[in-house]
Amino acid sequence: MKKNSNNIFSNEIILFPIGLFFSIVFLLGDSVNAFSFVRKGLSYIAQPIYYSANIAGLKVSSYVHSVIELDELKKNYEGLSLKLYETEVENSYYAMLLEENESLKRQIDLSNRENKYVLAKVLNGSSVDSLRIDQGQASGISVGDIVTIGNVYVGVILECDEKGSLVRLANSKNSSLEVILVEGDWQSVTKNKEIGVLSKAVVSGSAEGIKLENISNNVNIQNGSLVVVNDSKVGENLVLGYLVDISTNPADISRTGYVSPVLDYDNLVTVFVNIGY
Amino acid sequence: MILYVLFAIVGFVVLLFLESFSLSLFGFSLLFVVFLFFYKIIDLKLLLIISAFVTLFLDVVLNIPLGSTFLSFLSALFFYRVLSLFLSTERGFFSYIFKILAIFFFYIASFYIQRLFTFGNLGYFEVNLLISSSVKAFFGLLILSLLDNFTQKLRGNSKGNSLKFK
């Protein structure tokens with residue numbers, strides 16, 4: 001009898017039961033740990049390959065997930081950026097409050113309490129020898145009023161309008177003040193306290209800084225002496241800064257030097273205007 | 001002979017790496033698609049021996065009962081063989097449908113066989129399994145089609161089933 005070669009089960013049918021038999025043998029044998037030695041042997045070969053592939057797959061998967069969630073990540077980023085800006089604004093507000101608080105403390109501790117002061121905020125300006133403040137005639141400020149922080153001299157009101165004023169700083173070329181040189185710390189200079197005067201002098205603004213002239217040649221004055229404004233136009237016992245770069249020529253009648261201001265004029269935020277001086 | 005042995009070792013390592021990679025990346029088994037592609041290209045006896053060998057390694061690294069992947073593979077291949085009784089599995093629209101069904105059956109069988117021999121029961125019917133198996137089956141068909149197209153380009157017009165490397 002001729003064998004039908006087209007019958008799909010003719011040759012291959014026997015392979016499926018054989019395969020089935022082997023797989024059942026492995027499954028049942030493995031369930032009673034009969035093939036643990038096979039597992040151990042095969043794992044030595046296959047585990048490193050599987051581990052490398054698994055790590056590579058997880059890395060690619062992570063990238064794919066990142067790409068899929070790009071829109072969500074963008075939204076999160078925008079949200080976080082917004083929160084960051086809000087926090088920065090909040091921090092700036094608290095920093096301003098802190099600065100104002102410290103300025104007020106200094107003002108209460110070191111200023112002349114008999115005078116009347118107006119609190120003003122410094123507005124940004126490009127000039128190095130003047131600054132603008134946010135208080136003007138509406139607050140009772142007038143031209144010639146003195147601007148201070150505690151016992152430290154800042155400048156004098158040069159121009160004034162309803163809502164703001166222009167302050168001429170001590171480093172302005174048009175500024176000229178009588179000062180005294182004393183020893184000690186700037187915080188120790190107050191209205192009612194006696195201070196030992198070393199010399200009188202005159203300060204004026206210049207391109208090099210605040211220049212100090214007419215310092216007496218007779219007394220032993222050194223760099224670091226405190227420069228205190230003592231001028232009838234602006235008041236007494238207002239600290240300006242420290243003496244630096246004093247001239248050393250003994251042949252001169254008087255000596256000169258420069259003043260390193262106690263305040264950094266570029267970073268001023270809160271000042272007090274002494275009205276009605 | 002040495003060359004064949006080297007080819008076999010490299011092929012085994014590459015196959016195991018790709019299978020592990022695709023499993024960890026998409027949960028997709030490349031092995032069955034590759035074996036389905038080689039079905040009727042190489043001798044079934046050889047295909048079953050190779051698949052039994054490779055799936056044993058896979059069972060070990062995936063820490064599932066030994067022989068479960070081979071049993072799933074065997075069941076799906078038998079199912080595919082039964083389908084070929086009705087219509088051609090070589091060409092035409094239904095050949096794609098049969099291939100999708102075979103791959104789909106492989107995933108379903110693989111899940112329930114592993115479950116049966118690990119927990120001792122079949123668990124409950126899950127819709128997610130059907131959906132994921134369908135997606136994987138469709139994806140598997142795409143890979144199978146790509147492999148078919150690739151080998152058709154390598155084949156000479158007059159050489160029949162033999163591969164021709166230019």
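Helix α3 of chain A has a kink of about 45° centred on A:Ser43, the bend at a residue being the angle between axes fitted to the seven residues ending there and the seven starting there. Helices here are DSSP runs (H or I, at least four residues) and strands likewise (E, at least two), numbered from the N terminus. This is a predicted model, where local features need pLDDT of at least 70 and side-chain atom pairs count only at pLDDT 80 or more, while totals for chains, interfaces and linings use all residues. Residues are numbered from 1 along each chain as its sequence is written, and chains are lettered from A and ligands numbered from 1 in the order in which they are written.

**Helix α3 of chain A**
- This helix covers residues 36–68, 33 residues in total, yet its end C-alpha atoms sit only 42 Å apart.
- A straight helix would reach 48 Å at 1.5 Å a residue; the expected span is 1.5 Å times one less than the number of residues.
- A:Ala46, A:Ile49, A:Tyr50, A:Ala53 and A:Gly57 are buried in α3(A) (buried: 20 or more other C-beta atoms within 10 Å of the residue's own, with C-beta atoms placed from the backbone; exposed: 12 or fewer; partly exposed: in between).
- The buried residues of α3(A) pack against α1 (2–26) and α3 (44–62) of chain B.

**Where the chains meet**
- Chain B puts 27 residues in contact with 29 residues of chain A (contact: C-beta atoms, placed from the backbone, within 7 Å).
- On the chain B side, α1, α3 and α4 (68–83) each supply at least two residues, and the largest share, eight residues, comes from α3(B).
- By class, that side has 20 nonpolar, five polar and two charged residues (nonpolar: Ala, Val, Leu, Ile, Met, Phe, Trp, Tyr, Cys and Pro; charged: Asp, Glu, Lys and Arg; polar: the others, Gly among them).

**Chain B overall**
- Chain B has six helices and zero strands.
- Of its 166 residues, 32% count as buried.
- Among chain B contacts between residues at least 6 apart in sequence, 55% join residues at least 24 apart.

**Nonpolar cores**
- The largest nonpolar core has 42 residues, and A:Tyr153, A:Val179 and A:Val203 are among those touching the most other members (core: buried Ala, Val, Leu, Ile, Met, Phe, Trp, Tyr and Cys residues joined through C-beta atoms within 7 Å).
- Strand β4 (residues 152–160) of chain A gives this core its largest share, six residues.
- Another core lies apart from it, with 39 residues, including B:Val33, B:Phe104, B:Tyr107 and B:Leu141.

Terms used. Two residues are in contact if their C-beta atoms, placed from the backbone, lie within 7 Å.
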